[in-house]
Every structure is written in C-alpha cells, then in structure tokens.
Amino acid sequence: MAVTLVTSCASSSRFHFRSFSSSPSSLSSCFVRFQLLSRLRVSFAITPLYCSSKATAHTIAHATLGLTQANSVDHPKISFSGKEIDVTEWKGDILAVGVTEKDMAKDANSKFENPILKKLDAHLGGLLADVSAEEDFSGKPGQSTVLRLPGLGSKRVGLIGLGKSASTPSAFQSLGEAVAAAAKASQASSVAVVLASSESFSDESKLSSASDIASGTVLGLFEDSRYKSESKKPSLKSVVFIGFGTGPELENKLKYAEHVSYGVIFTKELVNSPANVLSPAVLAEEASNLASMYSNVMTANILKEEQCKELKMGSYLAVAAASANPPHFIHLIYKPSSGPVKTKLALVGKGLTFDSGGYNIKIGPELIIELMKIDVGGSAAVLGAAKAIGEIKPPGVEVHFIVAACENMISGTGMRPGDVITASNGKTIEVNDTDSEGRLTLADALVYACNQGVDKIVDIATLTGEIIVALGPSMAGMYTASDELAKEVIAASQRSGEKLWRMPMEESYWEMMKSGVADMVNFGGRAGGSITAALFLKRFVSENVEWLHIDMAGRVWNEKKKAATGFGVATLVEWVQNNSS
C-alpha cells in the first residue's frame with residue numbers, strides 16, 4: 001500500500017507530493033519525512049457550514065480528519081400569524097392552551113370556572129375536565145397533556161402548564177417548546193395557541209408573549225442531526241396565535257422572533273460542530289458567508305497570520321502558534337443601508353475552535369477536554385447575532401463583530417509556561433498558564449475593537465471554570481465598570497430571558513496578576529479567578545470606551561441534551577436593537 005501526503009508551504013501556494021511504500025524497510029524514512037512535511041501547513045478545501053440564500057440549509061463537505069462530512073439539513077420554515085376568532089371555530093391539528101394553576105380551578109360540579117376552558121369543555125361534553133382530572137393535570141410548569149377528543153374543529157386539544165402565573169419570557173419560551181414537542185409527537189402540521197387567561201394581559205404583553213412562544217417553538221423543533229446517519233424532519237408548517245392581536249405590530253414581533261431564533265440555531269450548530277470539522281479557517285468562511293448573504297449592509301475583513309503580525313498581535317498569535325491550523329482574525333461590519341449612524345458598537349467573541357490547554361493540558365474529568373469544541377461559544381454567539389442583525393437591519397447603529405479565531409494545541413512551536421509575550425497595545429504578559437488562553441486572544445481583539453472608533457464593547461466568552469463555581473450552570477457572569485452599560489445589558493437579558501448576574505470588579509485582586517518579569521501574568525489563581533480574568537481584559541480596553549464582559553462558561557452547553565444552548569445571541573441582538581434609532 002502507498003501513502004500519499006499532500007502539503008502546502010505557508011509562504012507559497014505550491015503543493016508537495018510524497019509517496020511512500022509501506023514496506024518495513026521504508027517505514028522509518030517515511031516517518032522522518034512525515035515529521036519534516038508536518039511542519040508545513042496542511043491545506044484543505046473549504047465548503048461552508050451554513051449554505052443558504054437567506055434560507056436554512058447547512059452543510060460542511062470539505063476534507064476533515066476521520067472523513068467526517070456534515071449532512072445537509074433544511075430547517076423548516078414555520079408560518080406564524082394572528083387571528084381573532086372563537087377558539088372552537090379554529091380547524092387544524094392541535095389547539096394548544098396555555099393554562100396556569102389558577103385556570104384549572106373547578107366549581108362544586110367539577111366544571112371549569114375559566115371562560116375559555118369552560119367553553120371548550122362544553123363543546124367536548126365535559127370530557128376535557130374528566131380527562132384532566134384523571135391525568136392529574138394541574139397546570140404546573142412542565143406539565144402537558146394532549147388529547148384526541150371529538151367535538152371541535154381541531155383534531156387534538158393540548159393543555160400546557162404555565163405554573164402559578166405566566167409573566168416571564170422564559171415561561172412563554174417553555175410554552176413554545178412544549179408546543180413543538182406536541183407537534184413532533186403527533187406529526188402535526190398546524191397548531192393554534194391560546195392563553196386561558198389572556199384577558200389579564202396588556203396589548204404589549206400579548207405581543208411580547210407571542211414573540212416568546214414563537215421563539216420557543218422554532219428552537220423546540222430544532223434537532224442537530226447533521227452528524228447522524230438518520231434523521232426525521234418535523235412536519236409543523238403553521239402556528240396561529242388566537243387572542244394575541246393582529247396586524248403589523250404582531251407580524252413584526254413574530255418576524256423578529258424568527259430572525260433571532262435562526263441566529264440562535266446557527267450558533268448552536270457552530271458550537272455543536274466538532275473541531276475536526278470547524279477549524280479557524282472554516283469559522284472565518286462562515287463569517288464571510290454572512291457578509292455575502294447580507295452584502296447590502298455587511299462586509300467582511302478576514303486577517304491572516306501575516307496581517308496579524310503587522311498589527312503586533314503577539315498575545316493572540318502566541319496561542320495559535322502550536323496548531324497546524326493557522327489563525328484567522330474575523331472582522332464583520334454592519335452598517336445600515338441608509339440614514340445616519342449615531343452609535344458604534346462592537347461585539348467581541350472568544351473563538352477557540354478547540355482548547356487542549358496547551359502545555360498546561362486539561363487533565364481530569366472536571367476539565368472535560370473532550371468537550372473543548374465549546375470554547376468557540378462566544379464567537380458563535382457573536383456570529384449568530386450578526387446573522388440575526390443582518391436580517392433585522394436596525395437603523396442608526398454600526399456594529400463590529402470581532403473574533404480572534406484559533407486553536408490552542410501542543411507542539412514544539414507553541415507557547416510555554418514562563419514565556420513573555422507582547423500584546424498589540426505594547427503590554428507584556430508572562431504566561432504562567434497556557435490553559436488561560438482565551439483572555440490572551442481577547443486582549444488583542446479588544447485592542448483592535450477600540451481602534452475601530454466604537455463607543456461601546458460587549459465581549460462574550462467561555463472564559464473561566466470559576467464562574468461556574470460562583471454562579472452554577474443557569475446564569476452567566478457580567479463585569480463592567482459602567483453602571484449605565486450594565487443597565488442596558490441587564491434590560492436586554494431580561495427581555496431575552498437569558499440570565500445574567502453582575503459580578504464585582506474588585507481592583508484589589510489585581511495584586512494576584514502581577515509578574516516579576518512582565519506587566520502582568522495571565523492567571524491569578526483559582527480564588528476569584530473569574531474576577532481576575534475580567535480585570536486582565538480591562539487592561540486592553542481604551543478608557544474612553546464603555547466595556548462589558550460576559551463570562552458564559554456555565555451556559556454554553558446543556559449537559560442533559562448533550563447539545564449547545566445558543567446562549568447570548570438573544571441578549572446581544574436585543575442590546576443592539578435598543579441602541580439603534
């Protein structure tokens with residue numbers, strides 16, 4: 001058998017072919033030649049992960065380790081609309097009714113007191129009350145029951161619990177997820193959604209809750225089957241909202257929810273993609289595809305290694321130095337097609353497509369080296385937000401999406417513990433932990449963002465394990481010296497339903513970050529490690545720029561579902577939208 005290696009030199013476009021016999025006498029020379037050749041850049045043809053003309057087909061089909069290729073998947077487009085009709089008149093597959101525990105109250109004759117449930121039960125001859133009692137359905141959150149009962153225009157009636165009350169975005173998103181689950185289970189193509197107590201909602205609340213339900217439905221239907229040999233296509237085609245209002249306002253809200261949801265799905269697919277498929281070059285290609293898709297409002301500037309050297313990005317390039325996959329610095333720019341720009345924003349995401357830990361290699365189950373593809377989570381959130389913003393096209397705001405993409409690997413060319421590196425703003429860093437690499441890439445990305453003349457920066461990163469210890473898996477940590485910017489981002493997160501908790505910027509902890517040979521070290525120890533990481537990043541932000549850091553290490557992955565969460569997209573888009581005119 002003959003082995004053929006194809007390599008290309010990083011400084012030229014010429015290809016080198018070497019064929020070796022597999023006979024024992026030639027194996028040693030083959031190995032020596034392979035070592036020499038492996039110092040050259042390995043070249044692969046790239047086909048984008050997200051191939052779509054504003055549609056939803058995703059595919060990766062280039063050569064990768066293990067010959068893995070992603071299947072092309074078309075995400076179904078759901079038609080959302082509002083109607084003001086009697087619930088008993090709607091005809092379709094499932095009538096889904098969101099109910100609180102209070103809505104399930106019954107009178108002395110075991111009849112519903114809630115007007116909508118009472119009306120439905122009258123058309124069903126009391127069967128709805130009987131079955132809900134037998135199923136012990138009380139409207140608690142997470143409870144749902146779908147019944148096939150004759151007597152209505154809908155084939156099935158579903159009761160979905162909202163708990164004691166329904167007032168938060170996450171509650172209505174969960175309702176949407178339950179609607180998606182019911183539709184998948186019964187292969188329904190049409191669903192109507194109604195709230196049993198909608199009369200207590202303001203018009204604005206109805207619009208917002210419809211938007212949240214729509215988002216939950218789209219995300220609930222999504223299953224990432226690109227790397228599975230078999231998959232099922234959901235059949236849901238339309239969702240009608242009854243009693244939520246009608247007209248342009250509702251349509252705009254539902255359209256916004258769709259755009260954000262497909263941005264979240266894009267993010268999930270990036271994070272779910274294995275590192276042997278999603279390299280820094282492929283991530284850069286995905287960014288370029290977004291710019292092409294929204295070319296009327298978006299441009300891309302992808303900096304290669306030599307250009308990063310010219311910008312003196314020593315901190316970023318030190319992290320990338322050990323990998324056979326070269327770094328790609330991603331810069332997308334959104335500008336509205338018309339009207340003045342009043343505010344310039346930057347979204348900066350940590351973009352490690354794989355993190356081995358370097359020479360401080362990740363050892364032990366708590367460091368989950370096998371899951372380190374998730375270190376692309378911050379950049380994936382930024383690119384997911386870029387996709388949504390390309391669709392929404394907010395006026396009056398310019399947005400820079402910045403990612404220093406690379407891998408943190410191990411080789412003779414990599415950075416070592418004890419090395420001193422120099423960032424693009426001239427500050428020197430003693431590397432006392434090669435596994436604290438994300439902040440090194442973000443350092444040069446933040447300097448670059450400030451040089452774009454932006455007014456505000458939000459960076460988002462799977463930065464520290466310490467934030468998981470501090471806040472657990474259900475919320476992300478937020479750091480900023482600006483009370484005003486903190487209010488903006490918290491307001492955006494409350495609207496999106498994504499939980500953030502503001503953490504202290506305790507300057508006295510900077511003592512832990514001091515070096516004897518450089519301006520700073522990159523790791524200050526486990527105690528307060530998320531805080532010292534934020535203090536490190538602050539050193540690379542200009543004083544005249546408002547800056548906020550989100551550490552989302554605990555929120556990037558859903559261990560129960562074994563899949564990415566898409567965290568951050570909804571909050572980032574909401575924040576940009578709130579800064580637009």
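How do H11 and H14 lie relative to each other, roughly parallel or oblique?

Tutor: Keep in mind that this is a predicted model, so let's read it as one. Start with the pair you asked about. Helix H11 covers residues 438-450 and helix H14 covers residues 529-538; their axes cross at roughly 30° and come within 9 Å. Angles under 35 degrees count as roughly parallel, and H11 and H14 are therefore roughly parallel to each other. As for handedness, the crossing in which H11 passes H14 is right-handed. On the H11 side, the contact uses Arg 439, Leu 440, Leu 442, Ala 443 and Leu 446, while H14 brings Ala 533, Phe 536 and Leu 537. Sort the residues of this contact by class and you get seven nonpolar, no polar and one charged.

Now set that beside another helix pair. Helix H10 (residues 377-392) packs against helix H15 (residues 569-579) at an angle of about 45°, and the two axes are 8 Å apart. That angle makes H10 oblique to H15. The crossing of H10 and H15 is right-handed. From H10, the residues that meet H15 are Ala 381, Val 382, Gly 384, Ala 385, Ala 388, Ile 389 and Ile 392; in H15, their partners are Val 569, Leu 572, Val 573, Val 576 and Gln 577. By class, the contact of H10 with H15 has ten nonpolar residues, two polar and no charged.

Gly 263 sits in helix H6, which runs over residues 248-272. Gly 263 is buried, with a relative accessible area of 0%. Setting aside neighbours within four places in sequence, Gly 263 is in contact with Gly 384, Lys 387 and Val 569. Of these, Gly 384 and Val 569 also take part in the contact between H10 and H15.

Buried residues account for 56% of the 581 residues. Take the contacts between residues at least 6 apart in sequence, and 75% of them join residues at least 24 apart.

The disulfide count comes to zero. Take Cys 308: the closest cysteine sulfur, in Cys 406, is 9.8 Å from its own, and that is too far for a bond. Cys 308 counts as buried at 1% relative accessibility. Cys 450 also counts as buried, at 10% relative accessibility.

Most residues other than glycine have a negative phi. Asp 136, however, has a positive phi, near 55°. You'll find Asp 136 in the loop between helix H3 (127-134) and strand S7 (144-147), and it is exposed, with a relative accessible area of 58%. Lys 312 has a positive phi too, near 60°. Its loop lies between helix H8 (305-310) and helix H9 (314-320), and Lys 312 is exposed with a relative accessible area of 60%.

Conventions: Residues numbered from 1 in each chain as written. Predicted model: local features only at pLDDT ≥ 70, side-chain atom pairs only at ≥ 80, totals over all residues. Heavy atoms only, no water. Axes fitted to C-alpha atoms, helices over the stretch in contact; angles between N-to-C directions. Helix = DSSP H or I, 4+ residues; strand = E, 2+ residues; numbered from the N terminus. Parallel < 35°, antiparallel > 145°, perpendicular 65-115°, else oblique. Left-handed = near helix turned anticlockwise from the far one by under 90°. Contact = heavy atoms within 4.5 Å. Nonpolar A, V, L, I, M, F, W, Y, C, P; charged D, E, K, R; others polar. Disulfide = S-S within 2.5 Å. Buried < 20%, exposed > 50% of the residue type's maximum accessible area, 1.4 Å probe, protein only.
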